[in-house]
Amino acid sequence: KKLLIHAFRLHILLIVMFFSMPFKMSAQQSVCEFKEWISFIEKRESKKLGASFSDMVAIELLSQKGNFNKTQAVMMLADFFQNNPADSVRIRQQGTSGANTSYFIGDYYSKSFTYYIYVVANKEKEKYYMHIFNIKRK
């Protein structure tokens with residue numbers, strides 16, 4: 001009888017582990033992409049960052065605000081990075097909202113100012129694409 005109870009507990013544990021694995025892998029993927037995006041921001045690589053934009057992106061970049069296509073968004077960021085190069089970017093908070101949406105909030109440090117950065121990305125075909133990208137002065 002004890003062997004049967006032990007086998008049942010082991011079976012339940014394996015089922016729980018099986019169903020929780022994809023969710024953990026998905027969360028790790030978004031974090032890795034955030035690190036890559038931060039690297040692109042710090043290196044002022046707007047084109048590489050733009051490859052992870054959705055077809056349309058809601059951008060708030062200091063005084064500019066609106067919905068832009070990838071090409072427009074990349075040009076806006078290139079201009080911003082040229083005028084406000086990042087010394088570093090630090091993620092303060094990150095998380096998920098639903099099964100396919102991840103976000104991060106952080107600080108963008110440049111020589112002249114510290115900015116607040118907020119990015120929201122949706123998962124499409126196993127890859128995250130940014131659909132909201134905000135940088136505001138603190």
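**Conventions.** I number residues from 1 along each chain as its sequence is written, and side-chain values use heavy atoms, with hydrogens and water left out. In this predicted model, local features need pLDDT of at least 70 and side-chain atom pairs count only at pLDDT 80 or more, while totals for chains, interfaces and linings use all residues.

**Sheet.** I took helices (H or I, at least four residues) and strands (E, at least two) as DSSP runs, numbered from the N terminus. Strands pair if DSSP finds at least two bridges between them. I find an open sheet of 6 strands in the order 2-1-6-5-4-3, with mixed pairing. Strand 2 (64–69) and strand 3 (86–96) are the edge strands, each pairing on one side only. From one strand to the next, the twist averages 15°; axes are lines fitted to C-alpha atoms, for helices over the stretch in contact, and angles run from 0 to 180 degrees between N-to-C directions.

**Helix on the sheet.** Helix 3 (residues 70–83) packs on the sheet and touches strand 1 (53–61), strand 2, strand 4, strand 5 and strand 6 (127–137). Contact means heavy atoms within 4.5 Å. The direction of helix 3 makes about 40° with that of strand 1.

**Positive phi.** I noted that most residues other than glycine have a negative phi. Arg44, not a glycine, has a positive phi of about 60°; Arg44 lies in the loop between helix 1 (2–42) and helix 2 (46–50). Leu62 has a positive phi near 55° and is found in the loop between strand 1 and strand 2.
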